[in-house]
Amino acid sequence: MKRGGSTDVSRRIDLEVEDIIIKGVEKEGLNAIISTEERGVVKIGDGEPRYIFVVDPLDGSLNFVLGIPFYSISIAVGRYSNGFRFSDLSDGVVYYVARDALYYGGPQGGH
């Protein structure tokens, strides 16, 4: 990764958003595995994981830094089943920050 300039700023923003998401999962008291863009795999809770999350904290963070209004927060979640498999993911949410628009989908439908 290139060091300096907007790359460092965008990485800091990614880390800050990851912190907010991780703290949110902790606050809910969930036992979970979270795969994040910047930190890798993070285990939450003391017991066996029940959920798996895959997080892109700020897709388009460089756009955010440059003031280009095309960036989003993306989170996928599913039940954890004895391993880290993308096939366990069942639901997802994308928050288009600049437009304050929330999109979600899963087995029950979406918006």
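Which backbone nitrogen lies 3.0 Å from a polar atom of the side chain of Thr36? The first point gives the answer; the model under review is a predicted one.

1. **Thr36 and its polar partners.** The backbone nitrogen in question belongs to Arg39, which lies 3.0 Å from a polar atom of the Thr36 side chain. The side chain of Thr36 also makes a polar contact of 3.3 Å with the side chain of Glu18. Thr36 is part of strand β1, which covers residues 32-36.

2. **Surroundings of Thr36.** Leaving aside residues up to four places away in sequence, Thr36 touches Glu18, Ile22 and Val55. Its relative accessibility is 7%, so Thr36 counts as buried, the limit being under 20%.

3. **The Glu18–Arg39 salt bridge.** The Thr36 partner Glu18 also forms a salt bridge with Arg39, with the closest N and O atoms 2.7 Å apart. This pair links distant parts of the chain, since Glu18 belongs to helix α1 and Arg39 to the loop between β1 and β2, 21 residues apart. Glu18 has a relative accessible area of 0% and is therefore buried, whereas Arg39, at 34%, is partly exposed.

4. Through shared partners, the salt bridges join Glu18, Asp19 and Arg39 into one network. Asp19 counts as partly exposed, with 30% relative accessibility.

5. **The remaining salt bridge.** The count for the chain comes to three salt bridges. One of them is formed by the side chains of Glu38 and Arg11, at 3.0 Å from N to O. Glu38 is in the loop between β1 and β2, and Arg11 is in helix α1 (residues 5-27), so the pair ties together parts that are 27 residues apart in sequence. Arg11 is partly exposed, at 26% relative accessibility.

6. **The aromatic pair.** How many aromatic pairs are counted? The count comes to one. Phe64 and Tyr71 form this pair in an edge-to-face arrangement, with 5.1 Å centre to centre and 90° between the planes. Phe64 is partly exposed, with a relative accessible area of 36%, while Tyr71 is buried at 14%.

7. **Strand pairing.** Strands β3 (residues 51-59) and β4 (residues 72-79) run antiparallel and are joined by seven bridges. Among the residues involved, Tyr51 has Arg79 of β4 as its bridge partner. Strand β4 also pairs with strand β5 (residues 89-96), in the antiparallel sense and over seven bridges. Here Gly78 has Leu89 of β5 as its bridge partner.

8. **The chain as a whole.** The chain contains two helices and seven strands, which follow the pattern α-β-β-β-α-β-β-β-β along the sequence. Of its 111 residues, 30% count as buried. Among contacts with a separation of 6 or more, 31% come from residues 24 or more positions apart. The chain exposes about 6,900 Å², of which carbon and sulfur atoms supply 53%.

Note on methods
Residues numbered from 1 in each chain as written. Predicted model: local features only at pLDDT ≥ 70, side-chain atom pairs only at ≥ 80, totals over all residues. Heavy atoms only, no water. Helix = DSSP H or I, 4+ residues; strand = E, 2+ residues; numbered from the N terminus. Buried < 20%, exposed > 50% of the residue type's maximum accessible area, 1.4 Å probe, protein only. Polar contact = N/O pair within 3.5 Å; in protein donor to acceptor, adjacent residues only side chain to side chain. Contact = heavy atoms within 4.5 Å. Phe/Tyr/Trp six-rings, centres within 6.5 Å; stacked < 30°, edge-to-face > 60°. Pairing = 2+ DSSP bridges. Areas by Shrake-Rupley, 256 points an atom, 1.4 Å probe, with all protein chains shown as cover. Salt bridge = Lys/Arg side-chain N within 4 Å of Asp/Glu carboxyl O.
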